[in-house]
Every structure is written in C-alpha cells, then in structure tokens.
Amino acid sequence: MTAPLALDPARTALVLVDLMDRIVALPLEPRKGTEVLHTAEELAHSFRAAGAPVVLVRVERPSLAEQPPGSGLVAGLRQEGDVEIVKRTIGGFQGTELDARLRRLGVTRLVFGGVATNLGVESTARAAADLGYDLVFVEDAMAALTGPEHEASVRLDFPRLGTVVTAADVRLTPA
C-alpha cells in the first residue's frame, strides 16, 4: 500500500468490474460484496464530482438467449454520463469498445475495483497494461471467491502492473 495518490481527473477513469446483483451476492472474501459495492459507489461519486469518467463493466454469457436473474448492474450504480461496457469474456477489453471509448475520452490511467479480484478485475487490468494504460488498484474496492485468490492478485500480481492503494488514498486533483 502507498501514501495518498494524486490523480488527474482529465486523464483518469474509474473502472468497476462485474458489480451485478448475482455476483455481489456471492460469498466473497476478504469482504462481502455489499462492502465492495459501498466502497465502489463512494469512489464513483468522487470521480463524477471531479468530472472523471466512471466505466461500469458487466458480463453477459454469450451462449444464452436470456441472461440469468441479477445480470444487470446493481440498481442505482449507473448514473447519467457513465460508460457501460458489456463483456462476453473474463476481461473487459476483448471484443468490446472499452479501449476506443477510453482513448476518445483522453484517459491514460485506470483505477480498478470490482469482483472478482483475480478474474474480471485482473484480466481487464492485464489487457489494459498491454495497451499502455497506467494502473491503480483499490484493494478495499475488490473481493474474490476466496481470500487467498484476492491476496495473490493484490500482493503478487497487481504491484507488478501498477500501484495498489486503498480508497482513502485516492485523490482526484486537476493537473
């Protein structure tokens, strides 16, 4: 973990992965999905207030004519002006317009939260790193199916890809 991190809202986007009713309701570690959601909502509020983009990524199963109940974003999460991306793979970039949308907005840094830390979040982050984005991971805005999976991503993988912080460390300040 690091000290407070100053982020330029004109170049930074919040990317929240798979905050859908059916996923947030899973038994998650090291914190409940409702705790992840609460922290993510606070981050989203601060990003919107600073004029920074909020990107909400959710998954749809490609082989189903109708998605399972709870496949939409948690009610009230999406606000006017937010970008919603529907993915059909583990990560949010493959086969979506995510990179193009971020480039049009002038975004160069991504701040991540969501579920599951080691699946949707990490897969999306790895693709983002390959595309040249600077990455920030908000540890307390994530959870996984097990504590060890979450910890492996946060302690081993994410520090190699970017900066790991807590929500309290995120500061949006114009350059």
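**Fold overview**

Mentor: The protein has five helices and eight strands. Helices (H or I, at least four residues) and strands (E, at least two) are DSSP runs, numbered from the N terminus. Keep in mind that this is a predicted model: local features need pLDDT of at least 70, side-chain atom pairs count only at pLDDT 80 or more, and totals for chains, interfaces and linings use all residues. Residues are numbered from 1 along each chain as its sequence is written, and side-chain values use heavy atoms, with hydrogens and water left out.

Trainee: In what order do the elements of the protein run from the N terminus on?

Mentor: The order is β-β-α-α-β-β-α-β-α-β-α-β-β.

Trainee: How much of the protein counts as buried?

Mentor: Of the 175 residues, 47% do. Buried means under 20% relative accessible area, exposed over 50%, and partly exposed in between (1.4 Å probe, protein chains only).

Trainee: Which residues have the most contacts inside the largest nonpolar core?

Mentor: L14, L19, F47 and V138, in a core of 34 residues. A nonpolar core is a set of buried Ala, Val, Leu, Ile, Met, Phe, Trp, Tyr and Cys residues joined through side-chain atoms within 4.5 Å. Elements that give two or more residues to this core include β1 (5-7), β2 (12-17), α2 (33-49) and β6 (134-143). The largest share, six residues, comes from α2.

Trainee: What does L19 touch?

Mentor: Not counting residues up to four places away in sequence, L19 touches V24, V36, L37, A40, V57, L73, V74, L77, G114 and V115. Contact means heavy atoms within 4.5 Å. There is also a second, separate core of 23 residues, which includes L102, L110, Y133 and V164.

Trainee: Switching to F137. Buried or exposed?

Mentor: F137 counts as buried because its relative accessibility is 0%. It is found in strand β6. Beyond its neighbours within four places in sequence, its contacts include F112, A125, F158 and V164.

Trainee: How far apart are F137 and L77?

Mentor: They are 60 residues apart in sequence and 19 Å apart in space, C-alpha to C-alpha.

Trainee: Now α4. Where is the kink?

Mentor: The α4 kink is centred on S123 and is about 25°. The bend at a residue is the angle between axes fitted to the seven residues ending there and the seven starting there. α4 has 14 residues and reaches 18 Å from its first C-alpha to its last, close to the 20 Å expected at 1.5 Å a residue. That expected span is 1.5 Å times one less than the number of residues.

Trainee: Which residues of α4 are buried?

Mentor: T117, G120, V121, E122, T124, A125 and A128. What covers them includes β2, β4 (83-87), α3 (98-104), β5, β6 and α5. Take T124: it is buried, with a relative accessible area of 1%. Its contacts, leaving aside neighbours within four places in sequence, include V17, I90, F93 and L98.

Trainee: And α5, where is its kink centred?

Mentor: On V154, with a kink of about 30°. H150, S153, V154 and F158 are buried in α5. Their cover includes α4 (117-130), β6 and β7 (163-165).

Trainee: What phi does D18 have?

Mentor: A positive one, about 55°, although D18 is not a glycine. Most residues other than glycine have a negative phi, and most peptide bonds are trans. D18 lies in the loop between β2 and α1. At 6% relative accessibility, D18 counts as buried.

Trainee: Last one. What does UniProt list for residues 12-169?

Mentor: The unreviewed entry lists "domain: Isochorismatase-like" for them. UniProt positions are given in the numbering used here, feature names are shortened, and annotations may be inferred rather than shown by experiment. Over residues 12-169 the chain is 36% helix and 23% strand.
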